[in-house]
Amino acid sequence: MNAPNRYELYVLEEGERPVEVTEDTRIPNAATIKIVKQDHTLANLLRSQLLTMPQVLFAGYKVPHPLHPYFLLKIQTDGSVTPTQILETACTKLIGTIATLEAKFKREFTYKDVEGGAQEDAYGVPVTGAPVDDRNYVDFI
């Protein structure tokens with residue numbers, strides 16, 4: 001089979017660098033950043049965060065081949081900040097956003113546990129323990 005072993009997709013090999021930055025000589029204030037052992041999930045998060053920043057003129061990524069676990073992130077800035085600095089800022093903001101999301105998620109489950117523990121079915125209807133009459137649910141309207 002052509003697929004690599006699963007652990008090879010996320011475990012760094014001896015001496016392998018997780019991030020490599022190559023300054024672009026043809027485009028001013030641009031760089032190509034190779035991030036290994038990651039996929040579309042992180043690439044799209046970084047690209048989206050970079051595009052929200054006013055200093056970024058261009059941000060895009062590509063995964064050259066699905067069997068090679070890395071992506072190339074291209075960043076061009078307006079010159080007020082370097083591509084590596086803006087990437088660090090984007091990563092910091094993403095970590096903050098994910099921490100906020102985690103806190104909200106945990107808070108919602110804490111409220112659910114405190115509210116009395118009334119169990120609900122998939123439709124949000126409280127379950128009383130009695131047999132459920134399927135005619136009360138309209139799945140397809």
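**Note on the predicted model**

1. V11 is partly exposed, with a relative accessible area of 38%; on this scale buried means under 20%, exposed over 50% and partly exposed in between (1.4 Å probe, protein chains only). V11 is found in the segment before β1, a strand of residues 19-23. Together with Y7, L9 and Y10, V11 makes a nonpolar surface patch of about 400 Å². Patches are made of residues with over 30% relative accessible area and no salt bridge, joined within 9 Å for like charges and within 5 Å for nonpolar side chains (Val, Leu, Ile, Met, Phe, Trp, Tyr).

2. The model is predicted: local features need pLDDT of at least 70 and side-chain atom pairs count only at pLDDT 80 or more, while totals for chains, interfaces and linings use all residues. Residues are numbered from 1 along each chain as its sequence is written, and side-chain values use heavy atoms, with hydrogens and water left out.

3. The protein has two helices and four strands, running β-β-α-β-β-α from the N terminus on. These are DSSP runs numbered from the N terminus (helices H or I, at least four residues; strands E, at least two). Of the 141 residues, 18% count as buried. The protein exposes about 10,800 Å², of which carbon and sulfur atoms supply 56%; accessible areas come from the Shrake-Rupley method with a 1.4 Å probe, and for residues only the protein chains shown count as cover. Among contacts (heavy atoms within 4.5 Å) between residues at least 6 apart in sequence, 50% join residues at least 24 apart.

4. How many aromatic pairs does a search of the whole structure find? The search finds one. It consists of Y61 and F71, whose ring centres are 6.2 Å apart and whose planes stand at 75 degrees, so the pair is edge-to-face. Y61 belongs to strand β3 (residues 56-62) and F71 to strand β4 (residues 70-77), so the pair ties together parts that are ten residues apart in sequence. The rule pairs rings of Phe, Tyr and Trp (its six-membered ring) if their centres lie within 6.5 Å, with planes under 30 degrees apart counted as stacked, over 60 as edge-to-face and the rest as tilted. F71 is buried, with a relative accessible area of 0%, whereas Y61 is partly exposed at 25%.

5. I35 lies in strand β2 and counts as buried at 8% relative accessibility. Which residues is I35 in contact with, leaving aside its neighbours within four places in sequence? They are P18, V19, L42, L46, Y70 and F71. I35 and F71 are 36 residues apart in sequence, with their C-alpha atoms 5.6 Å apart in space.

6. Y70 also has a charge over its ring: the charged end of K34 sits 4.4 Å from the ring centre. The rule asks for NZ of Lys or CZ of Arg within 6 Å of the ring centre and within 35 degrees of the ring normal.

7. Side chains of opposite charge can pair when their charged atoms come close. A salt bridge is a side-chain nitrogen of Lys or Arg within 4 Å of a carboxyl oxygen of Asp or Glu, and the count comes to three. One of them joins D24 and K74, with the closest N and O atoms 2.4 Å apart. This pair links distant parts of the chain, 50 residues apart: D24 is in the loop between β1 and β2, and K74 is in strand β4. D24 is buried at 14% relative accessible area, and K74 is partly exposed at 23%.

8. K37 and E16 also meet in a salt bridge, at 3.9 Å from N to O. They lie 21 residues apart, K37 in the loop between β2 (30-36) and α1 (40-51) and E16 in the segment before β1. K37 is buried, with a relative accessible area of 10%; E16 is partly exposed, with 28%.

9. E102 and K106 form a salt bridge of 3.2 Å, N to O. Both are in helix α2 (residues 83-114), four residues apart, and are separated by about one helical turn. E102 is partly exposed, with a relative accessible area of 43%.

10. Backbone angles deserve a look in two loops. Phi of K37 is near 60 degrees, a positive value in a residue other than glycine. N29 is another non-glycine residue with positive phi, near 55 degrees. N29 is placed in the loop between β1 and β2 and counts as partly exposed at 38% relative accessibility.
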